[in-house]
Amino acid sequence: VNIDSIGEAEYIQKLADDTDKTLNVGIRCNYDVKDGVLSRFGFDVDSEEFKKVLDIVTYTKNIHFVNFQCHFAKRQVEYWPERAKKMIALIDKIGVVPERVDLGGGLYGNMADSLKDQFNVNIPEYKDYANAVAHLFAERFKKTQDVPELLIEPGSALVGDCMRFVVSVKTVKSVRGKT
């Protein structure tokens, strides 16, 4: 579970206090990735709430802190290095290296060329996302034993091309020169 609010953190803390089981949790982080969009997900990593949830997952018996996670809206690969750099900066700032770092979703998926042509951006492949961030983690953690596993969440990118819409077009219109 990636904790996304103080209410969730407090609920999980209560669950941990009431069980002898270990609860594996992560913290969903939010920071500026310079994409012009304010994500609605996660804790502002500079906030008191973030510090509080970090204390909860670090010091509560029966809670095992597993990962930092983030989720941002823009799918363009050019915003991914900033995700990685800010996550590395967070790890360096607080001195906690989780088992995993999850850079979230927001990837383009496989699509036909006819669909790609409708976008005004280059549609990257999965390896392009990896190439944009993996070297940053490799460089940062090359001289340490404490190396987090790097994850992404392709989610809708994996299932986006398995559906078919059966419709008929009733009207095609042009508005201010755009069809």
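Reader: What pattern does the chain follow, read along the sequence?
Author: Along the sequence it goes β-α-β-β-α-β-α-β-α-α-β-α, with six helices and six strands in the chain. Helices (H or I, at least four residues) and strands (E, at least two) are DSSP runs, numbered from the N terminus. This is a predicted model, where local features need pLDDT of at least 70, side-chain atom pairs count only at pLDDT 80 or more, and totals for chains, interfaces and linings use all residues. Residues are numbered from 1 along each chain as its sequence is written, and side-chain values use heavy atoms, with hydrogens and water left out.

Reader: What box do the C-alpha atoms fill?
Author: Roughly 60 × 40 × 30 Å, taken along the principal axes.

Reader: And how much of the chain is buried?
Author: Buried residues make up 36% of the 179 residues. Buried means under 20% relative accessible area, exposed over 50%, and partly exposed in between (1.4 Å probe, protein chains only).

Reader: OK, rings. How many aromatic pairs does the structure hold?
Author: Six. Rings of Phe, Tyr and Trp (its six-membered ring) pair if their centres lie within 6.5 Å; planes under 30 degrees apart count as stacked, over 60 as edge-to-face and the rest as tilted. One of the pairs is F65 with F68, whose ring centres are 5.0 Å apart with planes at 65°, so this pair is edge-to-face.

Reader: Are F65 and F68 buried or exposed?
Author: F65 and F68 are both buried. Ring pairs also link them with F50 into a cluster.

Reader: What about Y108 and F119, how are their rings set?
Author: Their centres are 5.6 Å apart and the planes are at 80°, so that pair is edge-to-face. Y108 is in the loop between strand 5 (100-102) and helix 4 (113-116), and F119 is in the loop between helix 4 and helix 5 (126-140), so the pair ties together parts 11 residues apart in sequence. Y108 is buried at 8% relative accessibility, while F119 is partly exposed at 34%.

Reader: Which charged end sits over the ring of W80?
Author: That of R83, 3.9 Å from the ring centre. R140 lies over the face of F141, at 4.4 Å from the ring centre. The rule is that NZ of Lys or CZ of Arg is within 6 Å of the ring centre and within 35 degrees of the ring normal.

Reader: What does K74 touch?
Author: Not counting residues up to four places away in sequence, K74 touches D35, V37, Y79, W80, R83 and G106. Contact means heavy atoms within 4.5 Å. K74 is in the loop between strand 4 and helix 3 (80-94), and at 26% relative accessibility it counts as partly exposed.

Reader: Switching to N62: where is it found?
Author: In the loop between helix 2 (48-59) and strand 4 (63-70). N62 has a relative accessible area of 17%, so it is buried. Leaving aside neighbours within four places in sequence, N62 is in contact with A16, T19, D20, K21, T22 and L23.

Reader: Among contacts between residues at least 6 apart in sequence, how many join residues at least 24 apart?
Author: 71% of those contacts in the chain.
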